[in-house]
Amino acid sequence: MRPTLENRRARHDYEILETYEAGIVLKGTEVKSLRQGKVDFTGSFARFENGELFLENLYIAPYEKGSYTNVDPRRRRKLLLHKHELRRLLGKVEQKGLTLVPLKIYFNERGYAKVLLGLARGKKAYEKKADDKKMAVRRALEEL
């Protein structure tokens, strides 16, 4: 069984335009914490620096049995994409108002941790309220 960790808040706060699958560079105890599902996406985002993409502010809880091998829970983690994907994303992120947010972290069939990144535009408060109303109506219809 492979755990899938979702950032449910991202779809509420952002309009997702495109998605990209990226590998993530992790240390050993971080992988064990991910498999236990101990992740907090609050405030996390991806940022370009010197042509490389890094995931910032993602909290992966320290592994209980890790002792001195544990690393900083909020450290920057490098994301792995093909060079042509990085160039395309850099051009889109430089547009006004677009950002990269992690939508999901999961393990693929080979056991590697992957991050589903969303190219997103922030929603206004009235857009969020309208979406909430639509969801409430949809749930009411499903109950009938």
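Predicted model: local features only at pLDDT ≥ 70, side-chain atom pairs only at ≥ 80, totals over all residues.
Let me begin with strand β1, residues 4-6, which is joined to β8 by 3 bridges, the two running antiparallel; strands here are DSSP runs of E with at least two residues, numbered from the N terminus, and two strands pair if DSSP finds at least two bridges between them. Within this pairing, T4 has Y106 of β8 as its bridge partner.

Residues are numbered from 1 along each chain as its sequence is written, and side-chain values use heavy atoms, with hydrogens and water left out.

Staying with β8, residues 98-107, we find that 8 of its 10 residues are buried, so the strand is largely enclosed by the rest of the structure; buried means under 20% relative accessible area, exposed over 50%, and partly exposed in between, with a 1.4 Å probe and protein chains only. On to its other pairing: 9 bridges join β8 to the antiparallel strand β9, residues 113-122, and there V101 stands opposite G118. These two strands form a hairpin with 5 residues between them, and G111 in the turn has a positive phi of about 90°.

Which residue of β7 is the bridge partner of I24? That partner is L79, and 2 bridges join β7 to the antiparallel strand β2, residues 14-24. Strand β5, residues 52-56, is also antiparallel to β7 and joined to it by 3 bridges, with F54 opposite K78.

Terms used. Helix = DSSP H or I, 4+ residues; strand = E, 2+ residues; numbered from the N terminus.
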